[in-house]
Amino acid sequence: MRLFGIDAPEMDQPYGQKAKWALVRLTKGLQVTVEPDGDPSYDRLVGRCTLPDGTDLSAMMVVEGMALDWAKYSGGIYRALEPEGARKRMWRVRAKHEGRFPPARDLAGATATRR
């Protein structure tokens, strides 16, 4: 499942592990409601995820500085929630949004083909 309208660092990128554990902390022991939204992305469903009190998990991940608004998909609804410096700190995520994502590298250091 992908959270609607945001993009967080991949697990092997800076802040990836922190983003994972922030989401675990926000949801631990709580029932998460998922409302599918749109087409699958990277072979995963996309959904608007909320907690029992109505808290929007995408918004919370952005507020905590663990994800960035991805205006291409959100229409920019989470951008104002980004803490100062979040875009600079998560430069790889921002670069992907801007079409400047650095090529992936295999273990030998050679540039790998991305799809």
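Visitor: What does D37 count as at 26% relative accessibility?

Guide: Partly exposed. The idea is to sort residues by relative accessible area, with a 1.4 Å probe and protein chains only: under 20% is buried, over 50% is exposed, and anything in between is partly exposed. Before we go on, please note that this is a predicted model, in which local features need pLDDT of at least 70 and side-chain atom pairs count only at pLDDT 80 or more, while totals for chains, interfaces and linings use all residues. Residues are numbered from 1 along each chain as its sequence is written, and side-chain values use heavy atoms, leaving out hydrogens and water.

Visitor: Which side chain meets D37 in a salt bridge?

Guide: That of R48, with 3.1 Å from N to O. The pair links distant parts of the chain, 11 residues apart: R48 belongs to strand 4 (residues 46–50), and D37 to the loop between strand 3 (33–36) and strand 4. As for the rule, a salt bridge needs a side-chain nitrogen of Lys or Arg within 4 Å of a carboxyl oxygen of Asp or Glu. The helices (H or I, at least four residues) and strands (E, at least two) are DSSP runs, numbered from the N terminus. R48 is also partly exposed, with a relative accessible area of 33%.

Visitor: How many salt bridges does this rule give?

Guide: The count comes to 4. One of them joins E64 to R25, whose closest N and O atoms are 2.3 Å apart. E64 sits in the loop between helix 2 (57–63) and strand 5 (68–69) and R25 in helix 1 (residues 16–27), so this pair ties together parts that are 39 residues apart in sequence. E64 is partly exposed, at a relative accessible area of 28%.

Visitor: Which residues are linked in a network of salt bridges?

Guide: R79, E82 and R87. Within it, the closest N and O atoms of E82 and R87 are 2.8 Å apart, and both of these residues are buried.

Visitor: Let us turn to helices. Which residues of helix 1 are buried?

Guide: They are G16, A19, A22, L26 and T27. These residues cover an arc of only 120° around the axis, which puts them on the same side of helix 1; the arc is that of the directions from the helix axis to the C-beta atoms. The general idea is that an α-helix has 3.6 residues a turn, so residues three or four places apart point the same way. Turned away from the buried side of helix 1 is a face that carries the exposed residues K18 and R25.

Visitor: What do the buried residues of helix 1 pack against?

Guide: Helix 2. Contact here means heavy atoms within 4.5 Å.

Visitor: Which residues is L51 in contact with, leaving aside its neighbours within four places in sequence?

Guide: L26, T27, L30, Q31, V32 and L57. L51 itself lies in the loop between strand 4 and helix 2 and is buried, with a relative accessible area of 9%. Its C-alpha atom is 6.3 Å from that of T33, a residue 18 places apart along the chain.

Visitor: And where is the place of G65?

Guide: In the loop between helix 2 and strand 5. At 0% relative accessibility, G65 counts as buried. With neighbours within four places in sequence left aside, G65 is in contact with P83, R89 and M90.

Visitor: Now for rings. How many aromatic pairs are there?

Guide: The count comes to 2. F4 and Y78 make an edge-to-face pair, 6.5 Å centre to centre with 70° between the planes. This pair links parts of the chain 74 residues apart, and both F4 and Y78 are buried. The rings of W70 and Y73 have centres 5.0 Å apart and planes at 85°, so that pair is edge-to-face too. The rule takes rings of Phe, Tyr and Trp (its six-membered ring) with centres within 6.5 Å; planes under 30 degrees apart are stacked, over 60 edge-to-face, and the rest tilted. W70 is buried at 9% relative accessible area, whereas Y73 is partly exposed at 46%.

Visitor: Which ring does the charged end of R48 sit over?

Guide: The ring of F4, at 3.7 Å from its centre. Such a case requires NZ of Lys or CZ of Arg within 6 Å of the ring centre and within 35 degrees of the ring normal. Likewise, R89 lies over the face of Y15, 5.5 Å from the ring centre.
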